[in-house]
Amino acid sequence: MLPAILILGGLAYAGYSAYKEGENPTSKPILVSEKLSLSDSGEQEPNIPIIPESSKVLSHKETEEELDHYIKVAGVTLGTATLGALVYTPINLITLPLLIYVSLPIFKDTFHNLIHEKRIRASAVDSIAIVGTFATGYYWIGSLASIAFFLSNKLLLKTEDMSKKQMINIFGQQPQFVWLFKEGTEIEIPFETLKSGDIIILQAGEMIPIDGIVVQGFASVDQHILTGESQPVEKVSGDSVLAATMVISGKIQVKVVHEASETSAAKIGRILQNTADFKSSVEARTIQFADMLAGPTIAMGGVTWAMMGPISATAMVSCNFMETTRMTVPLGVLNYLRLASEQGILVKDGRCLELLKDVDTVVFDKTGTLTLEEPQVGQIYLLNDEPEEVILQYAAAAEHKQSHPIAKAIVKQAKACQIMIPEIEDALYEIGYGIKVKVGTAQIHVGSERFMTNEAISLSPGALVQKIRQTAEDNGYGLVYVACNQQLIGILELHVSLRPEAQSVIGRLKELGLATYIISGDHEAPTRKLAQELGIEHYFSEVLPQDKAKIIQELQLQGKSICFIGDGINDTVALKTANVSVSIQGASTAALDTAGIVLMDHTLKHVPTLFELATEMADNTRHGFLTAIIPGAIGITGIFLFNFKILASVILFITSVGAGSVNAMLPLMKNRQKSSELLVEEDSHSA
């Protein structure tokens, strides 16, 4: 009689608390084990506002403290239940109230759903299983299940928090203190007190904590984590430096241009925080699935009661392990997002990684995506008696102080040919046309055909120039004209530089079964030539910027799921139209803002990795559901065929949680193993 009174009293208290909390829903923080934070639809609202970091830390701390409290009570409960089972049965009169207490969060969730939402959800199944366990006198088993439940929640909370922090800190580690240079003195101050205009001192081995400008000194800086550059970059007065990069050697004074919250690294950190929040929508879907099975599970329990009695019925409702997926599946998703960020893939929208598994077609923009910004010098046409070396020397002399891609290509070619670049006496540069300089006594013009015409330089012999122009147009080459003392002496042919990794990336995508396309504004001939060189079967040439999105839409109407990879302002609409959009770090601001995924290393080499991660994540999610479905199916079958009881259901529950946790952590385990194998391989090569 007393156990029944205690159980009914606990249920009545839980129902009253749920009713009062419905009137005042902000009365207490929500436990990890509760699901009241989700909308009725089981889906997360779009455009979730960013929660201040301080609020998140406090909420996490409160949740952890509450879990610690329940773990302690569950531990005491298991102790008294063990004594009651082995030493003195009346001790269970202490065990039962403790069991009811640790079960109150689940009871309250059940009553909240019934009273305020008028719905039967997964917590109702848990409540029935708990009451059945108590009512049939299985106190020790109920205690074991309780402590296993809270310990698994605590373990997964800690693991999730660690994974989330590490993922966010990959691009945003910051020091606690910095050295401020003020009135000739170095002063150590807290990092968060830095403001725009302050000057800080940085030495070898220190992480640069802010975006700034070097005002004094010299340093070699490793900035691969943000820019992908494999070699350190020399920084001197006037150069900019980025937060989260490392001073390798030297000492510099840096003027702060962005406060801590506005650094490049901090902005990336906020994007990663939003990406981590995508986990919540995955969690919502797992809960929705568990809720869908609540009604059928209760019905099966009723049938089992009628056929086999209350103990078997309790074991039956205890076999709904879909609730465990709420803890384990989202953790696996978070780990894949972390792996992507570790490889320099910034996933701004986590849904993109989900959608990638359904993509069957990859569309590349040509210029700036498959090709590099800087061209390369091809054939040099001689139009006078001057040799090729002289033409290249004059062109390099005119261009070597310019910073645009064509100038860099010409200077690079001259240096490769070991041509000495003479000093120039004066220069006049006309933007978009060309440059006029004096080399010794010679007046040199270097630029476009229009520039030569404007400078009254004859384009003769006309037939040869026309032929060169037509060849360049047919093949998509650029032309740079070189004149000396008002006479055209040569033409440099500029070829598009293909990204060195492009061919291997396309080959890998084809191995993954993906169709590939090129969209280009160039003429048909050079676009066709590039497609043939890369092994791409489909291409669109002479496409106007506004028509790129129309082509994407046409492919989608054919039933294709599109991943578009672009880098220019004119790619923005196409990026928005595609199912998944990818851009390369260093692209236009508009493209980076629009794309759902950014390749931080300035290359395409991780595009296949993206698809591999998406496929692995989908498999991992499916396996996560199987870790709940298979033990549940074994339990249900065992009840009917082998007369499984409540203890078997609890053991299967613990097995389900363990298997789901291992599956969630599997991507990190595999990555560590792969890294270890690579290190061993490198050591063997070096030996």
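This is a predicted model: local features need pLDDT of at least 70, side-chain atom pairs count only at pLDDT 80 or more; totals for chains, interfaces and linings use all residues.

**Entry 1: D593.** Is D593 buried or exposed? Its relative accessible area is 57%, and the cut-off for exposed is over 50%, so D593 counts as exposed. I then looked up where D593 sits, and the place is helix α21, residues 589-594. I also checked D593 against S583. The two are ten residues apart in sequence, and their C-alpha atoms are 9.2 Å apart in space.

**Entry 2: E64.** Next I went to helix α2, which covers residues 53-86 and holds E64. I asked myself: is E64 buried or exposed? The relative accessible area of E64 is 16%, and buried means under 20%, so E64 is buried. Which residues does E64 touch, leaving out those up to four places away in sequence? I found K154, L157 and K158.

**Entry 3: the whole chain.** I zoomed out for a moment. The protein chain has 687 residues, and 48% of them count as buried. Its secondary structure comes to 23 helices and 20 strands.

**Entry 4: α8 and α9.** Back to helices. How do α8 and α9 run relative to each other? Their axes come within 7 Å and cross at roughly 160°. Angles over 145 degrees count as roughly antiparallel, and therefore that is the label for α8 and α9. The crossing is right-handed. On the α8 side I listed T297, M300, G301, T304, W305 and M308, and they meet P310, S312, A313, M316 and V317 of α9. Sorted by class, that contact has seven nonpolar residues, four polar ones and no charged ones.

Six of its eight residues are buried, so α9 is largely enclosed by the rest of the structure. The buried ones are S312, A313, T314, A315, M316 and V317.

**Entry 5: α8 and α22.** Helix α8 (residues 294-308) also has a contact with helix α22 (residues 607-642), so I looked that up too. Here the axes come within 12 Å and cross at roughly 15°. Angles under 35 degrees count as roughly parallel, which means α8 is roughly parallel to α22. This crossing is left-handed. From α8 the contact takes M300, T304, M307 and M308, and from α22 it takes I636, I639 and F640. The classes come out as six nonpolar, one polar and no charged. I noticed that M300, T304 and M308 are in this list and also in the list for α9.

**Entry 6: α13 and α14.** One more helix pair. Helix α13 is residues 388-399 and helix α14 is residues 405-416; their axes come within 9 Å and cross at roughly 130°. That angle makes α13 oblique to α14. The crossing is left-handed. Who makes the contact? From α13 I wrote down L392, A395, A396 and E399, and from α14 A407, I410, V411, Q413 and A414. By class, there are seven nonpolar residues, one polar and one charged.

Entry 7: Last, I went looking in the loops. Q418 is in the loop between α14 and β11 (427-430). Its phi is near 55°, a positive value in a residue other than glycine. Q418 counts as exposed, at 75% relative accessibility.

Q486 is in the loop between β14 (478-484) and β15 (487-495). Q486 is not a glycine either, yet its phi is positive, at about 70°. At 37% relative accessibility, Q486 counts as partly exposed.

Which two residues does a cis peptide bond join? They are S460 and P461, with omega at about 5°. P461 lies in the loop between α15 (449-454) and α16 (462-475).

How values were computed: Residues are numbered from 1 along each chain as its sequence is written. Side-chain values use heavy atoms; hydrogens and water are left out. Axes are lines fitted to C-alpha atoms, for helices over the stretch in contact, and angles run from 0 to 180 degrees between N-to-C directions. Helices (H or I, at least four residues) and strands (E, at least two) are DSSP runs, numbered from the N terminus. Angles under 35 degrees count as roughly parallel, over 145 as roughly antiparallel, 65 to 115 as roughly perpendicular and the rest as oblique. A crossing is left-handed if the near helix is turned anticlockwise from the far one by less than a right angle, and right-handed if clockwise. Contact means heavy atoms within 4.5 Å. Ala, Val, Leu, Ile, Met, Phe, Trp, Tyr, Cys and Pro count as nonpolar, Asp, Glu, Lys and Arg as charged, and the others, Gly among them, as polar. Buried means under 20% relative accessible area, exposed over 50%, partly exposed in between (1.4 Å probe, protein chains only).
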